[in-house]
Amino acid sequence: MNNQTAANGKRQSLQGQWSTRMAFILAVTGSAVGLGNIWKFPYIAGENGGGAFVLIYLLCVFAVGLPIMMSEILIGRRGRRNPVTTMGIVGEEEGGSRNWALVGIMGIIAGVLILSFYSVIAGWAMSYVFSTASGTFVDADAAQVKLIFDELSGSWKISAFWHTVFVVITVAVVAQGVQRGLERLVKILMPALLVLLLVLLAFSMNSGYFGQAVEFMFSPNFSALTPNGVLIALGHAFFTLSLGMGAVMAYGAYLPEGTSITSTSILVVLADTGIALLAGLIIFPVVFSYGLESDAGPGLIFQTLPLAFGHMPGGVFFGTLFFILLSFAAWTSSIGMIEPAVAWMTESKGIKRGVAASILGGFTWVIGFGTVFSWNLWQDKTFFKGTFFDNLDYLISNIALPLGGLMITIFAGWVMCRNSTSDELSCGTGLMYKSWRFLARYVAPAAVILVLIEASSGGIVSDYLAKIGD
Ligand code: PHE
């Protein structure tokens, strides 16, 4: 036994542990809640007709996302190392192969790529804190608001500036390490985020259009939902819960023994879903009350909400709060994107944490210019799925995360033996365990395979479903 092994023979993390279960919940929630919830969820819900899409999304989150989140955490805690090493050693211990480490490597690459574009969008959010606070949007009309967005995204220099700021603050937190950096940050930020959302919710509830928003989001109209919309909902379940690339697995490695993975995961999924729904309930009343487009895409927040903020009482204040909130949410998400890679570099390559975080930040920063240029210099250089950004987004959302999630759920459901998983989940062999195992072995893999076939074939599954539907 060496100093990396506890008295009970189990491995211990080399990076310290979360001080409390709450700190872990906050960290994973911080990773999950981000641009995916506040910017992407309302926009894709709007595009796919609201209620029915929301219902399917909730189903995906609980039937596919939840079991995969539990799988990631249990694998992470069993391995107690970065996702690459963990997948390798647990794979070997469970009678599989060391080559499972490849799943971790894929996740590390995916994480760096996600941060490269995420930081550009987050950078825009940060710049909007200042444009909103300085009153730029007061009494502005739609054309002016659009112009302001076009000026920001169209200027590679301004976008690159904010992208740089965001990468630097992300690296700064990751460099400090799991206990000092991540924990301290999320402990303050997550409750602050919730308070800010509730303030904005109170505002939206008084807009006079709250009922219409509730109706839009919660009364399912299945004729508005296409088979492709179902698949979009499933894919988003991965992105919004930070699954499929090892972020949650890396955090699981720092989870104290004896903490319930099941109830922790349920709490995180509920919090993430709650915040997405809250974001919808904040944004849609504003959209409706100003007669704006609910399917404006990336512009929903950056081109549409400022218009609303510019015309509502207290708009400068609420608008500023909103973009501060969005930046914070993106910041706590970004940490999880490079934590797996940083943990791998420190544990396996002996590189110091600060150095590792800086190197990765450097990579991300450079790759990020592809996204920065997608709205200006390279705007017309389109290939395959569109701009550089479109392709990166496609690669991550439609290929990397679902593939990673599929491998992880197969690993936990089929490679790991019953005893190991029931031991980690510490819920015996009761109904709870059986439900998890059924979802992890059958439901989640089947659903993910459908997403991958859909994405790689350009819609074969939805065509087939549409045919049966007729
Ligand atoms: N879940 C984050 C969001 O919703 C995005 C993310 C993906 C974070 C993957 C970490 C890893 O914005």
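**The ligand and its surroundings**

Author: Start with a polar contact, a pair of N or O atoms within 3.5 Å (within protein, one must be able to donate a hydrogen and the other to accept it, and residues adjacent in sequence count only if both atoms are side-chain atoms). Here a polar side-chain atom of Tyr118 sits 2.4 Å from an oxygen atom of the ligand. The ligand taken alone exposes 320 Å², and the protein buries 100% of that; such accessible areas come from the Shrake-Rupley method with a 1.4 Å probe, and for residues only the protein chains shown count as cover.
Author: A word on the source: this is a predicted model, where local features need pLDDT of at least 70, side-chain atom pairs count only at pLDDT 80 or more, and totals for chains, interfaces and linings use all residues. Residues are numbered from 1 along each chain as its sequence is written, and side-chain values use heavy atoms, with hydrogens and water left out.

Reader: Which residues come nearest to the ligand?
Author: A residue is near a molecule or strand if one of its heavy atoms lies within 4 Å of it. Of the 14 residues around this ligand, Ala32, Gly36, Tyr118, Phe239 and Ser242 come nearest. Ala32 has a backbone N or O atom 2.9 Å from a ligand nitrogen atom, while a polar side-chain atom of Asn37 lies 3.3 Å from a ligand oxygen atom.

Reader: What about phi of Ser242?
Author: Most residues other than glycine have a negative phi. Ser242 isn't a glycine, yet its phi is positive, about 60°. You'll find Ser242 in the loop between α10 (227-240) and α11 (247-252); helices are DSSP runs (H or I, at least four residues), numbered from the N terminus. Asp139 also has a positive phi, near 60°, and belongs to the loop between α5 and α6 (142-154).

Reader: Is Ser242 buried or exposed?
Author: Buried means under 20% relative accessible area, exposed over 50%, and partly exposed in between (1.4 Å probe, protein chains only). Ser242 counts as buried because its relative accessible area is 12%. Asp139 is at 58%, so that one is exposed.

Reader: How many disulfides does the structure hold?
Author: Look for a pair of cysteine sulfur atoms within 2.5 Å. This structure holds 0 disulfides. As for individual cysteines, Cys60 is buried at 9% relative accessibility, whereas Cys417 is partly exposed at 39%.

Technical notes. Helix = DSSP H or I, 4+ residues; strand = E, 2+ residues; numbered from the N terminus.
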